Amino acid sequence: MTFEDDVRAVARQIQDADAVTVISHIDADGITSEAIMMQACTDAEIPAQSVFVRQLEPMTMKYVPEDSSLKVFIDLGAGQQNLLEERGMGTEEVVIIDHHVAQNVDTPYLQANGQPYGHTQLSAAGVGYLVAKEMNPGHPHLGILAQNAVVGNVGDMMAREHCGLTGPAREIAADGERAGTIEILQKELNCYGISTRPLRVCLSFSDDPFIPGISNNEQKAEALLRKLEIEERTAGGRQRVWEDLDRNEKSAIINGLAQQMLATGQDISRLLAEHYIFPDEGRGTPLRNASEYATMLNACGRWARPRVGSDVCAGDRAQAYREGEQMLRHHKRIIREMMEYILDTGTTVLSHIQHIHVGDRFPDTIVGIGAGMALSKLDYEKPIMVLCYLNDDPELVKVSMRTNTRMVERGIDLQAALMAASEEIGGGGGGHKIAAGAYIPRNAEEGFAERVNRIITEQRR
Ligand SMILES: [Mn+2]
């Protein structure tokens with residue numbers, strides 16, 4: 001079997017279903033995945049409904065209806081097949097579209113997953129797109145679905161490692177380009193917020209790559225723009241964004257940044273990246289490019305309104321779009337408040353990490369993002385650990401850790417550190433080298449930071 005065979009088999013099983021239930025996850029990849037599958041079912045005239053869950057676990061299995069519909073698990077399921085087995089679900093009742101590591105179980109559930117075939121930079125929305133394309137040849141909505149798929153992939157950091165999408169995910173972007181719904185900008189500055197962030201903010205927030213003298217320093221970013229004689233405002237007084245700049249202005253800034261990096265011996269290989277623009281969206285709006293679009297969807301999901309995001313993906317630019325914008329503003333405000341709280345309160349600094357406990361001041365769903373933002377203003381060599389209480393579980397403490405690419409290059413692996421430290425005390429953790437989280441019992445909170453500090457000390461090269 002090849003990956004293409006799996007995609008085809010999954011598409012056939014969905015096409016043969018009398019009714020479908022899509023079960024998906026609440027982040028940008030999950031929301032776009034759901035939107036793609038729902039559109040694919042509508043176009044194939046299959047009655048479909050959907051369910052969003054924060055995670056697929058014993059507690060949330062109750063949201064999966066016990067009816068005769070085909071259950072399409074997307075962006076989840078591969079690693080939780082035991083739960084499907086325990087529920088007594090047969091192969092005729094389930095398909096899985098995922099990109100997470102698959103569990104080995106006795107029931108051979110049909111699955112489309114690029115991961116075992118080496119497509120490691122293809123998220124669930126990407127696989128869902130391939131299934132949708134297979135279900136409806138000459139698909140009327142392929143251009144929009146390609147957009148959704150690119151947002152899901154970018155939201156799941158599939159463009160990060162190689163400064164752009166690769167493999168099948170890149171081909172999906174090219175499908176969108178052919179359909180006229182995506183514009184691929186090559187060799188642009190590798191930064192976030194090219195459609196909405198004022199220039200100096202956009203430059204000073206970049207930390208991958210880290211630009212000495214510019215990253216974390218808005219005044220210096222402003223000084224560079226002044227030196228290069230680049231206007232920060234339009235004639236009408238509006239703050240300009242990266243997308244407003246012309247070719248010459250862009251190259252002047254890129255050259256200026258490259259010089260600054262080379263002067264301090266930095267590697268400039270990550271200075272440029274590919275961006276994915278949606279030309280039908282208004283300039284200056286958060287849906288104008290894939291990464292900012294993904295932020296809006298994440299905001300909807302994290303504040304328990306994934307359906308608002310899903311409606312935006314399906315094309316609603318009225319009610320749902322307004323609500324999405326509100327969620328985004330709220331999301332950014334609370335994250336900023338959390339960052340200010342961390343900076344005002346100060347972290348407890350150990351030899352190799354820094355930590356802070358925010359109690360129940362902020363929802364656990366944004367603590368990791370706030371931690372990352374705060375770290376950009378703190379000693380970057382010491383990964384930050386933020387602990388918080390969960391309002392729905394008094395027994396547990398959530399731990400979020402963030403570091404940056406420079407420290408990962410020096411051997412830091414937060415996932416390994418948190419997994420080792422939390423498993424010793426009956427907790428559990430996961431994530432990536434650069435960002436990881438764990439849940440630990442509340443009575444093991446004391447001394448946990450010191451435990452992680454010891455592990456991180458050993459990792460440092
Ligand atoms: Mn995903």
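This is a predicted model: local features need pLDDT of at least 70, side-chain atom pairs count only at pLDDT 80 or more; totals for chains, interfaces and linings use all residues.
**Domains**

The chain splits into three parts: domain 1 (3–180), domain 2 (186–335) and domain 3 (346–459). Between domain 1 and domain 2, the C-alpha centres are 29 Å apart. Contact between the two involves 20 residues of domain 1 and 21 residues of domain 2.

On the domain 1 side, helix 2 and helix 5 (142–155) each contribute at least two residues. Helix 5 gives the largest share of that side, with seven residues. By type, the domain 1 side holds twelve nonpolar, six polar and two charged residues.

**Helix 2 against helix 4**

A packed pair of helices is described by an axis angle and an axis distance. For helix 2 (residues 28–43) and helix 4 (residues 124–135), the angle is about 5° and the axes are 8 Å apart. Angles under 35 degrees count as roughly parallel, so helix 2 is roughly parallel to helix 4.

Helix 2 brings Asp29, Gly30, Thr32, Ser33, Ile36, Met37 and Ala40 to this contact. Helix 4 answers with Ala124, Ala125, Gly128, Tyr129, Ala132 and Met135. Sorted by type, the residues of the contact are eight nonpolar, four polar and one charged.

**Nonpolar cores**

The largest nonpolar core has 74 residues. Which of its residues touch the most other members? They are Val72, Ile97, Val131 and Val150. This core lies between domain 1 (3–180) and domain 2 (186–335), because both give residues to it.

Ile97 shows what such a position touches. Leaving out residues up to four places away in sequence, Ile97 touches Val10, Val72, Ile74, Ala112, Ala124, Val127, Gly128 and Val131.

There is also a second, separate core, of 35 residues. Among its members are Val386, Val399, Ala417 and Ile434.

Ile74 sits in strand 3. Is Ile74 buried or exposed? It has 28 C-beta neighbours inside 10 Å and therefore counts as buried. Neighbours within four places in sequence aside, Ile74 is in contact with Val22, Ser24, Ser33, Glu34, Met37, Ile97, Asp98, Ala124 and Gly128. Ser33 and Met37 belong to the helix 2 side of the helix contact, and Ala124 and Gly128 to the helix 4 side. Ile74 and His25 are 49 residues apart along the chain, yet their C-alpha atoms are separated by 7.5 Å.

Asp75 lies in the loop between strand 3 (70–74) and helix 3 (81–86). Its phi is positive, about 65°, although Asp75 is not a glycine. Asp75 is buried, with 30 other C-beta atoms within 10 Å.

Ala304 is not a glycine either, and has a positive phi of about 65°. It is found in the loop between helix 10 (290–302) and helix 11 (306–313). Ala304 is partly exposed, because it has 14 other C-beta atoms within 10 Å.

**Other single residues**

Cys388 is part of strand 10 (residues 384–390). It has 24 other C-beta atoms within 10 Å and so is buried.

Gln259 belongs to helix 9 (residues 247–263). It counts as exposed, with 11 C-beta neighbours inside 10 Å.

Asp244 is in the loop between helix 8 (218–227) and helix 9. With 17 other C-beta atoms within 10 Å, Asp244 is partly exposed.

| Pair | Apart in sequence | C-alpha to C-alpha |
|---|---|---|
| Ile74 and His25 | 49 residues | 7.5 Å |
| Asp244 and Leu199 | 45 residues | 9.6 Å |
| Cys388 and Val150 | 238 residues | 33 Å |
| Gln259 and Ile74 | 185 residues | 45 Å |

Val150 is one of the residues that touch the most other members of the largest nonpolar core. Ile74 is among the residues that Ile97 touches.

Terms used: Residues are numbered from 1 along each chain as its sequence is written. Axes are lines fitted to C-alpha atoms, for helices over the stretch in contact, and angles run from 0 to 180 degrees between N-to-C directions. Helices (H or I, at least four residues) and strands (E, at least two) are DSSP runs, numbered from the N terminus. Angles under 35 degrees count as roughly parallel, over 145 as roughly antiparallel, 65 to 115 as roughly perpendicular and the rest as oblique. Two residues are in contact if their C-beta atoms, placed from the backbone, lie within 7 Å. Ala, Val, Leu, Ile, Met, Phe, Trp, Tyr, Cys and Pro count as nonpolar, Asp, Glu, Lys and Arg as charged, and the others, Gly among them, as polar. A nonpolar core is a set of buried Ala, Val, Leu, Ile, Met, Phe, Trp, Tyr and Cys residues joined through C-beta atoms within 7 Å. A residue is buried if 20 or more other C-beta atoms lie within 10 Å of its own, exposed if 12 or fewer, and partly exposed in between; C-beta atoms are placed from the backbone. Domain bounds come from an automatic or database domain assignment.
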